[in-house]
Amino acid sequence: MKKVISILVALVTVAALCACSGGGNNPETTGGEGGTNTDRKASNSVVVGISQDIDSLDPHNVTTAGTREVLFNLYEGLVKATSGGDVEPAVASEYTIAEDFKSILFTIREGVKFWDGTEVTADDIIFSVERYAETQGEGSAFSIFESIEKEGENQIRVNLSEPSSEFIYLMTCAIIPASYGDDPQGAPQGTGPFAFDHFSPGEEFVVTKNANYWKENCPYLDRVTFKIVTDTESAILQLNAGTIDIFQYLTADQASTVDANMFNIVVGSINYVQGMFLNNNAAPFNNKLVRQAVYYAVDRQMISDMLFEGTSHIIGTNMIPAASTYYNAATETTYTHDVAKAKELLKEAGYENGFEFTIKVPNNYKPHERTAEVIKENLAEVGITANIKLIDFNEWLDVVYKNRDYEATVVAVDGTLAPSSFFTKNVSDNVNNFTNYNNPEFDELYVKALSETDKDKKIEYYMQLQQILADDAASIYCQDPSNLVAVNSQLEGYVFFPISAQDMSVIKYK
Amino acid sequence: MKYVLKKILTLIIALLLISIVVFLAFSVIPGDAAISKLGTEATPERIAELREMLGLDKPILERYFIWLGNAVQLDFGTSYQYNVSVNSLLGTRIINSSILSIISFIMVIVFSIPIGIFSAKRRSVPGRTAMTTITQITMGVPSFFLGVLITYLFSIILKMFRLGDFVSPADSFWGACAYLVFPAIAIALPKIAMTVKFLTTSIRAELHKDYVRTAYAKGHTKNGVLYGHVLKNSLVPVITFMGVIVAEIVAGSIIVEKVFSVPGVGTLLITAITNRDYPVVEAVVLLFAFLIIVINFIVDMIYKIVDPRVKI
Amino acid sequence: MKKKRNYNLIIGCIITGIVLLLALVGLFWTPYPTTQMSLELKLAPPSIAHIFGCDHFGRDVFSRVMQGMGTTFLVSITTVSFGMIVGTIIGFLAGYIGGWFDEIIMRINDVLNAFPSILLALVLVSFFGSGLLNVIVALGILFIPSFARIARSEMLRLKGLQFVQSARLIGDSHGRIIFSQILPNAYTTILASAAVGFNNAVLAEAGLSYMGLGVQPPDASLGRMISEAGSYLLKAPWYAIFPGVAIIVLVLGVALISEGVSKID
């Protein structure tokens, strides 16, 4: 085996030596944009590797989590998400939620400016919130937004059609200039700690320090380059070569191949609910007993062990553990890996000899594919035959998500700071209820939870909602994997958020 | 002159044909740019709105003719995904990919012809089998592997280049070339093996011909026969094969571009297909088609020069 | 003259024979079930029990290579044969008839050549669904252009030669000229490119598998194994190397046979 490697290496070396002798290749001349780690320290800049391309510069029209993570550094709303899962004042300096939870009063921060130095006015804020509201559909949490109006010199009031204690979480929507018009892509403006410099599609997204930022001594860095590296193997090699400083979403296996002298591995969680989502209208998954049987048959610990070296948080409902206030940990053990029980339930449901079905898996994310493989093995033990069919993500959006033409699919769903965001997709008449889940009890409780103003009661309702999903085995919720981030050991301050965000404003050189 | 005119006419027909095929392909596969761009939180109204904005609601024939009208003026429209003009998106990528392809092709020529001749001269059975084995091993290594091996060896161990630190040729032409040498090795190595194999077979087939025996009988030396007669004749099929190789280099650099983080046309094509960004796909495919047809044309011309008996 | 032994053919047949035998046995029996997972054996290095080591699910790589070789051989040999036969017929006809017919055929050929394989695969998959057969069809179509070009240029080269001209003068039928004059003189070149094509088919199948368009997991093909192993290249190189060696052996066997066949006079 070693011989094979050495033969290959020798071949490669010979070819390269011949090739290089003509070119006079000198590595010193290839010092590109980023320079070495030490150069970057001198210029107070950082290169962050990101695995997804930026899909939009318009903060109100972002599709992917990858883009939200980056734009978090550029745009801010009246309030801004904190790493603790709450919100803090940003463009507004303070806010008061009305007693009836039907309006919120914001005081605009004095002297808050866009990157170009123009001051943020009430008109900008009204424009932004109204524009954002337009982009959100009827089924969304934003649909209870009624109006926004000026109150006095420097105050803004947001009115709601129904009482909601969670609406404040949605006021993180980005504030942009009213002069933005319809095409914000050309010349973006925002109020975040970093200002847009340039974007080369598929290559890099570069931001520089916003000198007008309202917070003192923030950000620390002068320049951040988000380098798009879609291939994880290549990203690991680029970490080791010193081309990039920060790269997230590594598995434990991958993290062990990163040079430990150059990088610290910081551990957080990815914050998505990954699992096998079932079409509750498709036979035999329209039978609750079958769904429960499948849940007993699936070995979630094995999935975590196989894919993430056992570092995932095993879950049992559609909620992330990081939302600790609302998270119902009891659901984790509603089902255990129990083959006998699964067989018993199948028998009861009339599927004693098992059945066959197809899992449609989007091909753009390896862990989903591998989860499906483990599930297939698990189900074989109880006599169920699962066939895996890999499809392109766009096909998934169209066929599975929009047209709900599937039996089962392995994907992950995420949410916002508002706890309700994890449950909207399970409300029977929601446009995005792609699992066709239908439980009147759940629907009723969801409405109650959303409008409840007493915090303890609210928590109680959300706990119940999670338990209902678990008891019904609405889908086979599996895990929230841990997120291993390689961070250049000269840097400090990396923090995790319960939403898609990579905050560069708190990162600094030691 | 008439010949060239005819060639240009057929080129245009071929490009038209391929543009239609790509359009049809996009009407067949599920998902479209609007769905792709709006993602999971899209409402049916917004999808409909965006479709209208992008012109996707129009019948396919109408869409095609609008596109065609602009394309003949070399305006390939705006990328759905990035909202910038396709031309600006392609500009630098074409240069990067071209440099990469050219370096790879030079490597193929420079190495495969001498090795091919050397290999053809091996008469002993073990020698031949050894040559076949080596070329086969080189051919069989997937370019992805070769890419990772090369980056590991030259970037991590030997530190000859820094992976991911590609400089645009606009900033430093030689800097870009120096970086591209390494991905070029990954692309060229299997192609060198293929060409060597092909050339060896071709030379050996030629050596069995009657005229070679005659030449020997007339007292020519082995090398005299080889370089004077055989090589020229055996290169004829190789030229066609070179055309195939060039096409493969152009199309086959996608994975290598990805591993070496080279912003090239190949990676753009893959992203554009998955995002259903068909203005970009159309432009890239047409570009490839144009290149391949022109290369084949050049091959035909060289062919005619090398072997004047051939009527094209 | 004493007839020399055709070692290429013999060795090639032996190698391919062994590969096929292994693949055939793999249909009915493998040392371990090909999908049996085991946590303890995850990425285990080669040992006596698992001579090729284990993959990222602790599955026995040797068993999977046995299974994968069959799939890969089947896919590659069918696609190349398809591409070669159709391509050669088209190329010969284009070269023989010439004129506008030639132009039209070769332009269609160019169009095919320029069409991205992934897009073609996506189209086929959305028509017929994903799976092995579609990969064979997609790759088969993709292999036509290169064979057609080579066959055409061989035809152009040979058409002008003395013996073909004479055959025409004698009044031999077109079919007879193509089959008894052109084909025997062109087949070495075509076979050489078939061996290269076989190699390309193996790698192309790997590429399509990587995109999720080929063999569906957990079924194994050598290409799929290699692309899976890519993620563990630094951590568990054996996982990539053994399927890689299997590919090389497979391709080598076919190449030696093709070389051997071209020697038979």
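**A walk through chains A, B and C**

Hi everyone, let's start with one pair of residues: Glu204(A) has Lys227(A) as its bridge partner, over in strand 10 of chain A. Before going on, please keep in mind that this is a predicted model, where local features need pLDDT of at least 70, side-chain atom pairs count only at pLDDT 80 or more, and totals for chains, interfaces and linings use all residues. As for names, residues are numbered from 1 along each chain as its sequence is written, while chains are lettered from A and ligands numbered from 1 in the order in which they are written.

A word on terms. Helices (H or I, at least four residues) and strands (E, at least two) are DSSP runs, numbered from the N terminus. Two strands pair if DSSP finds at least two bridges between them.

Back to that bridge. Strand 9 (residues 204-209) of chain A runs antiparallel to strand 10 of chain A, and five bridges join them. Strand 10 of chain A also pairs with strand 1 (residues 45-50) of chain A, in the parallel sense and over six bridges. There, Phe226(A) in strand 10 of chain A stands opposite Val48(A).

How many residues of strand 10 of chain A are buried? Five of the six in this strand, residues 223-228, so strand 10 of chain A is largely enclosed by the rest of the structure.

Now zoom out. These strands belong to an open sheet of seven strands in chain A, in the order 8-9-10-1-11-19-12 and with mixed pairing. At the edges sit strand 8 (194-200) and strand 12 (263-269) of chain A, each pairing on one side only. Further along, strand 11 (residues 246-250) and strand 19 (residues 482-488) of chain A run antiparallel and are joined by three bridges. Phe247(A) has Ala486(A), in strand 19 of chain A, as its bridge partner.

Next, chain B where it meets chain A. This contact takes 53 residues from chain B and 50 residues from chain A, counting two residues as in contact if their C-beta atoms, placed from the backbone, lie within 7 Å. Helix 7 of chain B gives the largest share of chain B's side, nine residues. By class, that side has 29 nonpolar, 16 polar and eight charged residues. Nonpolar covers Ala, Val, Leu, Ile, Met, Phe, Trp, Tyr, Cys and Pro; charged covers Asp, Glu, Lys and Arg; the others, Gly among them, are polar.

Chain B also touches chain C, with 50 residues from chain B and 45 residues from chain C. Elements giving two or more residues to chain B's side include helix 1 (2-28) and helix 13 (278-306) of chain B. That side of chain B has 35 nonpolar, eleven polar and four charged residues.

Finally, chain C itself. Which elements does chain C have? Nine helices and zero strands. Its C-alpha trace spans about 75 × 55 × 30 Å along its principal axes. Of the 265 residues in chain C, 57% are buried. And among contacts in chain C between residues at least 6 apart in sequence, 70% join residues at least 24 apart.

How values were computed: A residue is buried if 20 or more other C-beta atoms lie within 10 Å of its own, exposed if 12 or fewer, and partly exposed in between; C-beta atoms are placed from the backbone.
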